[in-house]
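I set out to record what I looked up in this structure. My entries follow the order in which I made them.

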Amino acid sequence: MIKKRFYLIAAALVLLCGMLIGCSPQADASCGEDAVCEHEWQDATCTQPKTCIHCGLTEGDPRGHSVRIGTCPVCGEKSTELLPAYNHIMSELNSMVDAFTKSAEYLSDSYDFVTDLYQKEYVSKARTELYSCKRLIDRAIAFCADYEEFSEVKNKLNQLSAIIMDEKIMGEGSYKDIRSEMMNAHTKSLAILQNVLSDMKNLLA
Ligand SMILES: [Zn+2]
Ligand SMILES: [Zn+2]
């Protein structure tokens with residue numbers, strides 16, 4: 001009799017232990033595919049979607065940085081979304097500086113005393129450089145596209161374009177007049193270009 005009761009108690013204990021240590025899908029996510037996690041969500045961040053802190057499940061998309069280029073004010077990381085366009089624009093701007101510098105060389109004072117023929121040639125060479133500036137400007141503007149971040153740069157490049165393609169520079173006229181217009185335009189253009197370069201630098205900050 002005592003033996004029988006002992007077996008019953010033992011059996012009950014085994015059953016109880018089984019229930020306690022056994023797999024309970026509701027509570028334990030490690031139990032297998034059927035496991036149900038009671039998700040506790042961490043809000044989405046700039047770079048991570050909404051994520052369960054227990055099982056790592058994600059929902060939706062990351063919020064994305066609050067800027068597309070430069071330092072994100074929310075997380076402090078650098079956003080690189082517009083970096084490819086930025087680098088293209090910078091490359092055109094650097095070539096522009098070179099072309100402007102070359103065109104200025106043809107306007108140097110020392111050419112004042114050369115013959116008419118050379119004067120015409122220098123104007124023509126300076127114009128060639130300005131035309132290549134114009135092509136570089138057009139390409140840079142194309143890379144600015146409709147991105148709001150580059151809208152100010154685009155405005156300034158359009159001003160630049162108008163200055164160097166002015167009739168007083170590209171049209172008919174005396175060497176003296178054209179050269180003086182070119183020199184004015186050159187000074188204005190370089191100032192604008194420096195402005196654009198500083199705008200670009202600020203975007204990256
Ligand atoms: Zn979870
Ligand atoms: Zn961010």
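**Entry 1: helix H2**

I first listed the buried residues of H2, which are Tyr86, Ile89, Glu92, Met96, Ala99, Phe100 and Ser103. I took a residue as buried if 20 or more other C-beta atoms lie within 10 Å of its own, as exposed if 12 or fewer do, and as partly exposed in between, with C-beta atoms placed from the backbone. Helices (H or I, at least four residues) and strands (E, at least two) are DSSP runs, numbered from the N terminus.

I note that this is a predicted model, in which local features need pLDDT of at least 70 and side-chain atom pairs count only at pLDDT 80 or more, while totals for chains, interfaces and linings use all residues. Residues are numbered from 1 along each chain as its sequence is written, and chains are lettered from A and ligands numbered from 1 in the order in which they are written.

I then checked the length of H2: its 23 residues reach 33 Å from the first C-alpha to the last. That is close to the expected 33 Å, the expected span being 1.5 Å times one less than the number of residues.

I found that the buried residues of H2 pack against helix H3 (116-144), helix H4 (151-164) and helix H6 (175-204). For contact, I required the C-beta atoms of two residues, placed from the backbone, to lie within 7 Å.

**Entry 2: H2 against H6**

I looked up the axes of H2 and H6, which come within 11 Å and cross at roughly 160 degrees. Axes are lines fitted to C-alpha atoms, for helices over the stretch in contact, and angles run from 0 to 180 degrees between N-to-C directions. H2 and H6 are therefore roughly antiparallel to each other; angles under 35 degrees count as roughly parallel, over 145 as roughly antiparallel, 65 to 115 as roughly perpendicular and the rest as oblique.

I listed the residues making the contact, among them Tyr86, Ile89, Met96 and Phe100 of H2 and Leu190, Leu193, Leu197 and Met200 of H6.

**Entry 3: His88**

Is His88 buried, partly exposed or exposed? I count His88 as partly exposed because 15 other C-beta atoms lie within 10 Å. His88 is placed in H2, residues 83-105. The C-alpha atoms of His88 and Ala142 are 9.8 Å apart in space, and the two residues are 54 apart in sequence.

**Entry 4: the sheet**

I read an open sheet of 3 strands in the order E1-E2-E3, with antiparallel pairing. Strands E1 (41-42) and E3 (58-59) stand at the edges with a single partner strand each, so one side of each has no neighbour in the sheet. I took two strands as paired if DSSP finds at least two bridges between them. E1 and E2 (residues 50-52) are joined by 2 bridges, and Trp41 has Cys52 as its bridge partner in E2.

**Entry 5: two loop residues**

I located Thr47 in the loop between E1 and E2. Thr47 is exposed because 12 C-beta neighbours lie inside 10 Å.

Ala145 is in the loop between H3 and H4. I noted a phi near 45 degrees for Ala145, a positive value in a residue other than glycine. Most residues other than glycine have a negative phi.

**Entry 6: the chain**

I recorded 6 helices and 5 strands in the chain. Buried residues make up 17% of the 205 residues.
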